[in-house]
Amino acid sequence: MPFSTMRRIARVLTAGCIAAALPVAAHAAYPERPVTIVVPFNTGTTPDIVTRLLAAALSKDTGGSFVVQNKVGASGIIGTQYVANQPADGYTLSFANVATLAINQSLYARLPYDADKQLAPVALTGSVQNVLAVRPGLGVKSVSELIALGKKEPGKLVYSSGGNGTTGHLSAAMFATMAGVEMMHVPYKGGVEADMAVLRGEADLVFDNISSIAAFIDQGKVIPLAVTGATRDPLLPNLPTLDELGLKGYRAVAWTGYVAPAGVDPKILDWLNTAINKALAEPEVQEKLKTLAYVPTIKPRQALFDLAHEERPVWAKVIKDAKVSVD
């Protein structure tokens, strides 16, 4: 429900509007024009799919207009930097995730945005696991066979990713370090391109979001070996975790959320947080998220930055141990 006068609120409540529970701020008629949600990753990826789903739900629930715009490149840096430099009026938001808020801070020596100073948390919306998948022609059917091949021929295995600093990149780097194998990394411009590289035989394996690669798994075009979370995923219940398979303590989850430029009125941010949490709680939205292997999270907006601060040292260690460098 857009911000409005008390008189209009009374009429809305009388009409039994679905958005009546949403908070009202002191700003009249927010949002009075479209709110742009920037996705700094490619169309067809989990960030894009989830954001478009939420944008549709927000538009329906609030009567406002939420539109999605993709600004792709440099592990989410281009889109995130763009939003950080936008007016702090609540009309430009950005999809954010473990890469843009926790990994890039250690991966890039000269990151062109300061998340803590230039951005404000809007919502922590959920997470999705990655799956380790290999091309059928590689001739391996298990993680143990993959590790054995990697040790037999150091540096020969090639893994693709959706870009430097993505969870696909760092999930593979963590795997290589913990398994004691040497692999070659080839970054592509997005997760879809990384998956296609495996299908074309340009890469031997990939770590990608379950939702992004699920179709190729169903079609038998890639062979899934394990998931990267702490527990098995309901969408692939027969697929073990890497921790189960002997890489004790392995855990790599792609958590996601939304941010705004620093300086946006906290009342607007709280309104957006409540609206997003309401959308996430809707059965129809949850059913769609379930098909993406996406686990929704409903929490106060500060939870996004709390998680980012918690995980930064974890990924800093992965980057250091794997000697990952992109600058």
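His 185 is found in strand β6, which covers residues 184-187. The model described here is predicted.

Two polar contacts involve the side chain of His 185, and the table lists them with their distances.

| Side chain | Partner side chain | Polar contact distance |
|---|---|---|
| His 185 | Ser 161 | 2.7 Å |
| His 185 | His 169 | 3.4 Å |

Another residue to look at is Lys 151, which is found in helix α6, residues 143-152. Leaving aside neighbours within four places in sequence, Lys 151 is in contact with Ala 179, Gly 180 and Val 181.

The next topic is the division of the chain into domains. The domain assignment gives domain 1 as residues 35-127 together with 254-322, and domain 2 as residues 129-245. Domain 1 is therefore written as two stretches of sequence, under bounds that come from an automatic or database domain assignment. Taken over C-alpha atoms, the centres of domain 1 and domain 2 are 25 Å apart. In the contact between them, domain 1 takes part with 23 residues and domain 2 with 20 residues.

How much area is buried between domain 1 and domain 2? The value is about 1,600 Å², and carbon and sulfur atoms give 64% of it. Seven residue pairs are in polar contact across this interface, with both residues of each pair at pLDDT 80 or more. The count of salt bridges between domain 1 and domain 2 is zero.

Which helices supply at least two residues each to the side of domain 1 that touches domain 2? They are α2 (46-62), α4 (98-107), α11 (283-291) and α12 (302-321). Of these, α4 gives the most to that side of domain 1, with five residues. By type, the residues on the side of domain 1 that touches domain 2 divide into 13 nonpolar, eight polar and two charged.

The last topic is aromatic rings. The structure holds five aromatic pairs. One of the pairs is formed by Phe 95 and Tyr 258, and its arrangement is edge-to-face. The ring centres are 5.7 Å apart, and the angle between the planes is 80°. An angle over 60 degrees counts as edge-to-face, so this pair falls in that class. Phe 95 is in strand β3 (residues 92-97) and Tyr 258 is in strand β9 (residues 253-261). The pair links distant parts of the chain, with the two residues 163 residues apart.

Definitions and conventions
Residues are numbered from 1 along each chain as its sequence is written. This is a predicted model: local features need pLDDT of at least 70, side-chain atom pairs count only at pLDDT 80 or more; totals for chains, interfaces and linings use all residues. Side-chain values use heavy atoms; hydrogens and water are left out. Contact means heavy atoms within 4.5 Å. Buried area is the accessible area (1.4 Å probe) that two parts lose on being put together, summed over both. A salt bridge is a side-chain nitrogen of Lys or Arg within 4 Å of a carboxyl oxygen of Asp or Glu. A polar contact is a pair of N or O atoms within 3.5 Å; within protein, one must be able to donate a hydrogen and the other to accept it, and residues adjacent in sequence count only if both atoms are side-chain atoms. Helices (H or I, at least four residues) and strands (E, at least two) are DSSP runs, numbered from the N terminus. Ala, Val, Leu, Ile, Met, Phe, Trp, Tyr, Cys and Pro count as nonpolar, Asp, Glu, Lys and Arg as charged, and the others, Gly among them, as polar. Rings of Phe, Tyr and Trp (its six-membered ring) pair if their centres lie within 6.5 Å; planes under 30 degrees apart count as stacked, over 60 as edge-to-face and the rest as tilted.
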